[in-house]
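Welcome! Let's walk through a protein model together, one feature at a time.

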Amino acid sequence: MAAAKKAVLGPLVGAVDQGTSSTRFLVFNSKTAELLSHHQVEIKQEFPREGWVEQDPKEILQSVYECIEKTCEKLGQLNIDISNIKAIGVSNQRETTVVWDKLTGEPLYNAVVWLDLRTQSTVENLSKRIPGNNNFVKSKTGLPLSTYFSAVKLRWLLDNVKKVQEAVEENRALFGTIDSWLIWSLTGGIHGGVHCTDVTNASRTMLFNIHSLEWDKELCEFFGIPMEILPSVRSSSEIYGLMKAGALEGVPISGCLGDQSAALVGQMCFQDGQAKNTYGTGCFLLCNTGHKCVFSEHGLLTTVAYKLGRDKPVYYALEGSVAIAGAVIRWLRDNLGIIKSSEEIEKLAKEVGTSYGCYFVPAFSGLYAPYWEPSARGIICGLTQFTNKCHIAFAALEAVCFQTREILDAMNRDCGIPLSHLQVDGGMTSNKILMQLQADILYIPVVKPSMPETTALGAAMAAGAAEGVGVWSLEPEDLSAVTVERFEPQINAEESEIRYSTWKKAVMKSIGWVTTQSPESGIP
């Protein structure tokens, strides 16, 4: 029986999904896209000072190994032979910055997470040096100068961490986003590890020219980054190297996409104009713009969507980035303690069914799209003696939906063709109240695939389709049909508009909170 079962399954593909709050390893059937098994480990976030967010790169790497081993054990229990796993894809939280020693393999400082705000004064100093009539940073990278992206984090490390400075001077330092740190480590580390990244992750560093698809000398000079510490840039779908340890030793790593690009691929948004919204730590709405870079007039980013093969064309996307979505639920759990698990939020919200005039703007890391307001901070307003924790929980869910509406409005204005429905994915989409609220607030249907792990699926598709692997076809006729759940708007449009305009009033109250940044200090 077991042998027959093994024979039926055919080639499998694994995906590492290394997110901000957790790491997962998932295994898919390359012929049906069915998820066979997975394992998940939560990652610690450290907040050493106000506005600082760090993670331990070794803990991240360890969590990847743990997820791979545990998933392989689970497959064994299901009588599935792990030798059927023909490739591994990597998808990752983007922008998060690691510098490590290529001789010892040790990180030289914690990973500085995308949400981290310590670089605000670095950003202010740099922005004075960009001519008003020639924002070459934005025209080359598609990005606004912000604490969000890797270049300013790397600049901060070079300015403030002695171990990093010394390693750079002695030519021992390597820089990478999380994908590069993982791929280098998994392909051998100090014993011949491959130091590379893909075009999607490179496009989030602020050092990458999204037109020529290479590191930009002028940008590296502007940020003062030595080019020899940068990884080589590859396509999102090719064999980078082989796994050098663990249960999957010898399996090629052949897919690499930043998590939001991976979700775009996993949602099969291969046509110009197709879009998806992912609800993770933050919220990210991406719209495929085909082979052309579209620059936003309304606060969206221009970014690389994917390049699925060395000789394949590059696709671009417009992106609306919201910093805090799922993170607000984690905050209610870990900081306020009004829920014990993230799932409980739905129960609290259900008890009241309304926020009762309470609005929660979770601008913990300032506001990202469409405002790009680093001075904003989180506020809860409209409180009365009637307000209780259930209303605050409901307001937190509404905040995720209102922020999505703001980036969707911007997207519609930039594209000129309004989206008729919204394709969604990510951990929070299992919350039915959130999905219904989202349909009500957008006033268009929300469509969710029944298998919500689209980020991992996208990485697996890229890995399985790579030249030299060839077990996953991305031809339109071969892509498996996806079963979906639809949420239709249930309130009247007028009520939807009133709530949205009150939200905007609340946002205005959150802006301008931080007037002068405290001077940055070095590492004690």
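**Reading the model, step by step**

The cover over the buried residues of α12 includes α11 (326–336), α13 and α14 (432–442).

Q: What kind of model is this?
A: This is a predicted model, in which local features need pLDDT of at least 70 and side-chain atom pairs count only at pLDDT 80 or more, while totals for chains, interfaces and linings use all residues. Residues are numbered from 1 along each chain as its sequence is written, and side-chain values use heavy atoms, with hydrogens and water left out.

Q: Which residues of helix α12 are buried?
A: Helices (H or I, at least four residues) and strands (E, at least two) are DSSP runs, numbered from the N terminus. Buried means under 20% relative accessible area, exposed over 50%, and partly exposed in between (1.4 Å probe, protein chains only). In α12 (residues 344–352), Ile-345, Leu-348 and Ala-349 are buried. They span an arc of only 95 degrees around the axis, which puts them on the same side of α12; the arc is that of the directions from the helix axis to the C-beta atoms. Lys-347, Lys-350 and Glu-351, on the other side of α12, are exposed. Just after α12 comes Gly-353, with a positive phi of about 65 degrees.

Q: Where is His-391 found, and what does it touch?
A: Contact means heavy atoms within 4.5 Å. His-391 belongs to helix α13 (residues 389–415), and with a relative accessible area of 3% His-391 is buried. Not counting residues up to four places away in sequence, His-391 touches Val-352, Thr-354, Ser-355, Tyr-356, Cys-358 and Phe-386. A polar contact is a pair of N or O atoms within 3.5 Å; within protein, one must be able to donate a hydrogen and the other to accept it, and residues adjacent in sequence count only if both atoms are side-chain atoms. Here the side chain of His-391 reaches the backbone nitrogen of Asn-388 at 3.0 Å.

Q: Is strand β16 enclosed or exposed?
A: In a regular strand the side chains alternate between the two faces of the sheet. For β16 (residues 283–290), eight of the eight residues are buried, so this strand is largely enclosed by the rest of the structure. Cys-283, Leu-285, Cys-287 and Thr-289 lie on one side and Phe-284, Leu-286, Asn-288 and Gly-290 on the other, all of them buried.

Q: Which strands does β16 pair with?
A: Two strands pair if DSSP finds at least two bridges between them. Strand β15 (residues 275–279) runs antiparallel to β16, joined by five bridges, and a hairpin of three residues leads from β15 to β16.

Q: In what order do the seven strands of the open sheet stand?
A: The order is β17-β18-β16-β15-β21-β22-β23, with mixed pairing. At the edges stand β17 (301–306) and β23 (484–487), each with a single partner strand, so one side of each has no neighbour in the sheet. From one strand to the next, the twist averages 30 degrees. Axes are lines fitted to C-alpha atoms, for helices over the stretch in contact, and angles run from 0 to 180 degrees between N-to-C directions. Strand β22 (residues 446–449) pairs with β23 in the antiparallel sense over four bridges, and Pro-449 stands opposite Val-484.

Q: How many residues are in the largest nonpolar core?
A: In soluble globular proteins, nonpolar side chains tend to be buried together. A nonpolar core is a set of buried Ala, Val, Leu, Ile, Met, Phe, Trp, Tyr and Cys residues joined through side-chain atoms within 4.5 Å. The largest here has 141 residues, and those with the most contacts inside it are Phe-223, Tyr-279 and Leu-422. Helix α13 gives the most to this core, with 15 residues. A second, separate core of 36 residues includes Phe-25, Leu-174, Leu-186 and Ile-253.
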